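I have a new structure open and want to get my bearings. These are my notes, in the order I looked things up.

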Amino acid sequence: MCRADYTMIEIKVKKQLKAFTMDVNIEFGREIAILTGPNGSGKSTLLRTVAGLERPDAGCINVMGEVFFDASTDLSPDQRRVGYVCQEGALFPWLTVEKNVLFGLDRNARKDRSEWLDRLFEELEIKDLKRRYPGSLSGGEAQRVALARALAPRPRLLLLDEPFSAMDTAVRPRLRALLKEMQQEWEIPVLMVTHDHAEAYILGDRIFELKEGKVALCNERGKVIRMPLVSY
Amino acid sequence: MQLHMDWLPFIISFKLAFATTVCLLFLATPVAYILAYKGFRGKPLVEAVFALPIVLPPTVLGFFVLIAVGNMSPVGRWYQNIFGHTLAFTFEGLIVASILYSFPFAVQPIQNAFEGVNPRLVDTARTLGCNRWQTFWRVILPASRRGIVMGIMLSFAHTVGEFGVVLMVGGSIPGETKVASIALYENVEMLEYSQAALMALALLVFSYAVLSVVYYFNRRTSTLVPG
């Protein structure tokens, strides 16, 4: 069972998948936690169960004292207030950049949080894109907009599913730095999936390596003795 | 030779098509949603029922509707008790028959559009605080708008093009159930070929215009960059 700790995110879930049973027990705080591992090791599925988009068979998910899932609770995704950004960004193509970012806010919140929104547009460097449509954005721009959209409603937890893998290698370092800066400034807990080992060790304060649905290796920043030489 | 055109049948055709399309929009959208997103036992059988009007001879469908709305059926008697007459040979009866007849032409494009919505958009909307109903209004509908417009146009055009069903259920009462296709047929029967030619030409131009717009829309959709 989860301890329902107010400072931690606890994810203890079991789920039968096609090839294996996922059985994970991880904890992290207001930091960047990385899920890495080979393709098909259950990384994305785990992220989706935290978002509420898939249902575990058993276990518990607790985010800063709020129970998302346990034997008697199963919050729907709209009740969880997590930010979720997937690989392709998934911007709504019929809305402008500005309307995409405002999507998760209701009418009152749009007025109240204008200062916060201004900062988001500023720091993610998408101020000049407000009136553009997603179809005209580059991969890096689209992903920054997707990040702003996920952050706008002030989520309790940010879930990122390979957010940088679909974009140019040249723009990735800039975005990683941006993510790191924003995480440190706002202290929002981040759980990020990547199969890129270098990225995992550049960004991660805590790194969980999944293999066939189980945590095969768990590293903490400062305690990393060697970088695994295996590449996937 | 008289070249004066009787527009009344056209007006009835368009009135019928308009009423049918509005009803279909509200009936076909939930059906399309269920067929697109819900899996259930016997779904192919249900889908086959909804597709039947495409392959059935319109007279067969018209015959069943006529029986169903007549005073031999419970439904027909119930309607008669409330309104004092049956639906057979009335404009309202034509609407019921047209809804059944054009149903697949509304459901299928809308269902295809729903099935084509990027599931990532739906997931993202859910995590941004939308419940299922809000997700439908804010994401699934706007993402499917082209399919819905196609469904509307095809239902409208298909209803204007009805003949067999209308003849069976509505008869040919001038000003009430005599639609353009039937007026054309009667003109030919009475050997008034110039009238018939005008009507045929008008229906041909209308149908071609609708289909051109549909194909234009289709092309636009397939070249859209997925979000």
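Predicted model: local features only at pLDDT ≥ 70, side-chain atom pairs only at ≥ 80, totals over all residues.

**Chain B: the overall look**

I began with chain B, which has eleven helices and zero strands.

Next I looked up the extent. The C-alpha atoms of chain B fill a box of roughly 65 × 45 × 25 Å along the principal axes. Of its 227 residues, 36% count as buried. I also checked how far apart in sequence the contacting residues sit. Taking contacts in chain B between residues at least 6 apart, 72% join residues at least 24 apart.

**Chain B: a pair of helices**

I picked out two helices of chain B, α5 (residues 91–115) and α8 (residues 145–160). How far apart are their axes, and at what angle do they pack? The axes are 8 Å apart and the angle is about 160 degrees. An angle over 145 degrees counts as roughly antiparallel, so that is what I wrote down for α5(B) and α8(B). The crossing of α5(B) past α8(B) is right-handed.

Then I listed who meets whom. On the α5(B) side I have B:S98, B:S102, B:F105, B:A106, B:P109, B:I110, B:N112 and B:A113. Facing them in α8(B) are B:R146, B:G147, B:I148, B:M150, B:G151, B:L154, B:S155, B:H158 and B:T159. Sorted by type, the residues of this contact come to eight nonpolar, eight polar and one charged.

A reminder to myself on reading such lists: an α-helix has 3.6 residues a turn, so residues three or four places apart point the same way.

**Chain A: the overall look**

On to chain A. Its secondary structure comes to eight helices and ten strands. The C-alpha trace of chain A spans about 45 × 45 × 35 Å along its principal axes.

Of the 232 residues of chain A, 43% count as buried. Among contacts in chain A between residues at least 6 apart in sequence, 71% join residues at least 24 apart.

**Chain A: helix α1**

I wanted to know how covered helix α1 (residues 43–51) of chain A is. Mostly covered, it turns out: eight of its nine residues are buried. My list of the buried ones in α1(A) reads A:K43, A:T45, A:L46, A:L47, A:R48, A:T49, A:V50 and A:A51.

Most residues other than glycine have a negative phi. I noted two residues of another sort.

A:A90 has a phi near 55 degrees, a positive value in a residue that is not glycine. I found A:A90 in the loop between β6 and α3 (97–102) of chain A. Buried or exposed? A:A90 is buried, with 24 other C-beta atoms within 10 Å.

A:E212 is not a glycine either, yet its phi is positive at about 45 degrees. A:E212 lies in the loop between β9 (206–211) and β10 (214–220) of chain A. I count A:E212 as partly exposed, because it has 16 C-beta neighbours inside 10 Å.

**Chain A: a look at A:E98**

A:E98 belongs to helix α3 of chain A. I put A:E98 down as partly exposed, since 18 other C-beta atoms lie within 10 Å. Leaving out residues up to four places away in sequence, A:E98 touches A:K130 and A:R131. I also looked up A:D57, 41 residues from A:E98 along the chain, and their C-alpha atoms are separated by 38 Å.

**Where the chains meet**

Last entry: how many residues of chain A are in contact with chain B? I get 19 residues of chain A in contact with 15 residues of chain B. On the chain A side, α2 (77–80) and β6 (82–85) each supply at least two residues. The largest share, three residues, comes from β6(A). By type, the residues on the side of chain A that touches chain B divide into 14 nonpolar, three polar and two charged.

Terms used: Residues numbered from 1 in each chain as written. Chains lettered and ligands numbered in written order. Helix = DSSP H or I, 4+ residues; strand = E, 2+ residues; numbered from the N terminus. Buried ≥ 20, exposed ≤ 12 C-beta atoms within 10 Å, placed from the backbone. Contact = placed C-beta atoms within 7 Å. Nonpolar A, V, L, I, M, F, W, Y, C, P; charged D, E, K, R; others polar. Axes fitted to C-alpha atoms, helices over the stretch in contact; angles between N-to-C directions. Parallel < 35°, antiparallel > 145°, perpendicular 65-115°, else oblique. Left-handed = near helix turned anticlockwise from the far one by under 90°.
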